[in-house]
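Here's a quick tour of the model, meant to be read with the coordinates open.

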Amino acid sequence: MRRKGSAIMMAIILGSVFFMAVSGLLRHSSGEMKHIKAVSSVKKAEMLAMSGIDWAESELRVGRWYGKDFEPYEKNIGEHQTFGVKDLTPFGSGEGKVKIVCEDVANKVPGENMYGMQKIWFLHHINVYALGQFENQKCLIYGRYIVSPEPILNSKSTDGAGFASPEHGIPGAVGVAASKSTVNGEEIFDYVVKEVKVSQYDNVDVNTVVAILNPLNDPDTNIEVRPHTFGVVAEVKCEVGQTCRAGDNVMILTKTIDTAGAGSAVMKTLKKMVRVTKIPLEIWKDLDIEDRNDRFTLSQYINGISGDYLQNFVAHASLENALKDIGNTKLDKKLSAQKILNKLPAHITNTTRNRAENTFLAHMIKNFTAPGGTWDKKEKALNKTYLKLDHPKTTKPPKELVDWLSELGLAHVLNTKPRRDSRYFDPRMKNDEFLNLLTPKYNQPPEKFIEELSQLSDASRLIRIEEGDFGSSQVHNENENGITIINPDKGVKVTVEKVTKKYSFVDPESGFAIEMQDLMSFIKKYYDDDGSQSPREDTRTNEHIDWPLPKPAPPPPTPRQGGTYVWNPGTPGTPPGEPTWTYKNGTKHEVDHPVGDSRDFEPHTSNPDGGREDYEVIGEDAVENTDGGENEESENDNWATGRCRTTGCKSTKGAIQLDKGGKWTGEAGKPGVDPSQGSYVWVADPPPPEPGSQGNDGSDGEESGGGDGTGTGTGGTPGTPGGGGGPSGNPGAGPSVPASPPPPPPAPPRSAFGAC
Amino acid sequence: MKHKKNGITLVEILIAIAVLGLMMTFLFPIFSYSRRAGTTMNRLDVYHDIRKVDHAISGELKLGSGVLYPPKPAGDSTTDWYSQVIFRNHLNQVLMVYLNEQDKLVLFNYDDIKDSYLSLGRFLGSKVKDFAVRRHGNSVIEYKLTFEIEKQDFTISNRITLVNVF
């Protein structure tokens, strides 16, 4: 029987429709799931990398886990790793992982004669690389951990050297050292303490004579010792009759910064992870962050974009001004690019490198408060922060001195720099007010700009008047350090020494303080790589090795009759020569700067504000604007030319050079000479002096200026503030100013006295 | 003699109605599923777009080094909602996220310069009904993105702390 009907056909058709609908939905869902998974993987890889950066920041706040403790007076060769690696699974197993590499970057210039070392390296910053991996997605994020004052490189600490390894026993304490002097053309290194003029807990400042020394062989000449900063005497390290050598501390000071009603501020180390940057895949795809040579390549890329970071910061003055004008006004909900440009111009302000750096520094200072806390607290603190001049009061000159100078017609030498602007001397000056004073000077070299923010030269004066025969010529010599005036008619020589004082940054809300020099150094590290040096080896065997000084005196042997144990301090050795580094088997790669195209810094000689360039937008949005905006017609006409209005489009910015695929190999420099260690020698009591003879030969009965055996003061003429400029005198600032003058040569062995 | 019957019996009619009813029972859900599948696919597209846009904005914002617009609120307070955000990224480039007149959300880079031209910008998403931004304190940005699909609004909001703000 033949069956008629279409039920089966209908069922097939309907079934097919049903199947297609469901499978389409399933396929779409599956595609969607794939997309979601892909987006989610990328996001997870980024989150893992960011977690790595966060982990590194919290870890580095405590210290460098891959480092070892600093050992003063010991050679640091082949012991300290230059980097540390950590693998983490912050979201649990199976949820991806992150590899974190932290790498120390040293200061280019080492310090000298500090912390028990003749040559000592400091940490400039730490490069942090975090590679997040989730399934087949990877993300590399870079962060720069910056610290100021600087820690010792060959240590595990991230605290400023003066806090982590206090040279004077008390964190942040300052030593007042005897310094080399010149008497009758002869350089004097060895002294006998004639008088100690202060005691523990006394307040002292740059004009306080804390001790008087006599040159060892010249008991009639008095050499004054003054501190180079204000402070409270924590410890007097010498007694009358003891000998000491240039560089020996005669006393230790602590500094308290009174915040006038809000308690006192304490000097602290500043630490922060900055410049957190996602590195493009094309830069690192064939690099391994665990390989130091590859990290060197990455550091070259980061160095390359540091200039862009700075340049971009100052490029949009017109836009920032326009935004200020807009204030709280809301723009239309929907806009075209061209309309946006009409309201918020894209003019580029080309400027000099100096001006860019100084503008950046000033911006950061204006917005700086102590780390941590909420924005609300920070904003309140912003209105209260100030710069404080070290010992701001000017010493009132004695009437006798004033009368003398008036009689000589030299009263003007009493005046210090307020003639420029008395506000520089304000005890507590608001940051922005200070920066306004410096505004006309934004095009000077940043070193000079920083110096002006960090210290005030000629902030105080030391004046001496001597009577005697000084020849027949009238003399009036003045330079930046002082004034010498000789009046032969009156037989008078007047010497004026100009004293520089430092500024400190104070945040009274949090009690945070830091020397301005250190704060400026901190901010400069955001963009500046010139002062740093990435390592070229995994363990410091050739480069960045510290070299010790002779060890300090241990307690003397038990005293016995007939003589004295005298400490012979030994002599410093010679640090090894600089190694030579060669890059082998690698190739040079060039990558474009990620921004800027035709933009560059202007030469220093050109107009500091640069030329302006107007830009139009490529594509449809630019065309859209021709329909509307009648008021903006003239502007559009100009844009329509499609050319720079000014001639500033020439590119001088080269590509970023990367060394890829090779290895750095080092050849050690000239070997160093170990210091000779000191020892106690027995010096028999001299026979009773015969009439008419003097008892000290100074040749072989040895003793030392002991102390902690560290650093030396620098420079100075008789009566200058003791050891003021030398790195040993100021551990807090020392690392930031490593280019200090060389130390005086070791003093010859000296005869037996107690040591300072 | 064979007698030919014409017409249909009541039973046949009832059977036909029953069969038709049975078929309709299957057909309706099929069409209904089909319609729902279409709607769901559209929604999934929207969700996908929203996720992409959110990922793009948050990715740029979180490494930012400063916010230029909306203006800074006083203290710890929050600003009103604005329709654009202008900020500096990790390289201090100035970026702006805004909604253009074709309902496209655009990321515009003030430093993406070729000779005397600025690049048009990157389209982050289309069919965006609204983009609203407000600022909390100095370094936190909250944004809301609203897409309209089939007369229904879909909104995603996010709050990002810029890690490179000083």
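Let's start with Ile348(A), which sits in strand β20 (residues 348–349) of chain A. Keep in mind that this is a predicted model. Is Ile348(A) buried or exposed? Ile348(A) counts as buried, because 29 C-beta neighbours fall inside 10 Å and 20 or more within that distance is the cut-off for the label. If you want a sense of scale, go from Ile348(A) to Phe91(A): the two are 257 residues apart along the chain, and their C-alpha atoms are separated by 44 Å.

Next, the cores. The largest nonpolar core has 139 residues, and Ala49(A), Ile53(A), Val128(A), Tyr129(A), Ala130(A) and Ile141(A) have the most contacts inside it. Helix α4 (residues 292–314) of chain A supplies the largest share of this core, with 8 residues. Zooming in on Ala49(A) and skipping its neighbours within four places in sequence, you'll find it in contact with Val98(A), Ala130(A), Leu131(A), Gly132(A), Cys139(A), Leu140(A) and Ile141(A). There's also a second, separate core of 26 residues, and Val176(A), Ala177(A), Val193(A) and Ala246(A) are among them.

Now for a sheet. Chain A has an open one of 3 strands in the order β3-β4-β29, with antiparallel pairing. Glu112(A) stands opposite Lys119(A) in β4(A).

Two residues have a positive phi although neither is a glycine:

| Residue | Phi | Loop |
|---|---|---|
| Tyr201(A) | about 75° | between β10 (190–196) and β11 (203–204) of chain A |
| Asp103(B) | about 60° | between β3 (94–99) and β4 (105–109) of chain B |

Tyr201(A) counts as exposed, with 9 C-beta neighbours inside 10 Å, whereas Asp103(B) is partly exposed, with 16 other C-beta atoms within 10 Å.

Cis peptide bonds turn up too. The bond from Ser148(A) to Pro149(A) is cis, with omega near -5°, and Pro149(A) is in the loop between β6 (137–148) and α2 (161–164) of chain A. In chain B, a cis bond joins Tyr69(B) and Pro70(B), where omega is about 5°; Pro70(B) lies in the loop between β1 (66–69) and β2 (85–88).

Terms used. Residues are numbered from 1 along each chain as its sequence is written. Chains are lettered from A and ligands numbered from 1 in the order in which they are written. This is a predicted model: local features need pLDDT of at least 70, side-chain atom pairs count only at pLDDT 80 or more; totals for chains, interfaces and linings use all residues. Helices (H or I, at least four residues) and strands (E, at least two) are DSSP runs, numbered from the N terminus. A residue is buried if 20 or more other C-beta atoms lie within 10 Å of its own, exposed if 12 or fewer, and partly exposed in between; C-beta atoms are placed from the backbone. A nonpolar core is a set of buried Ala, Val, Leu, Ile, Met, Phe, Trp, Tyr and Cys residues joined through C-beta atoms within 7 Å. Two residues are in contact if their C-beta atoms, placed from the backbone, lie within 7 Å. Two strands pair if DSSP finds at least two bridges between them.
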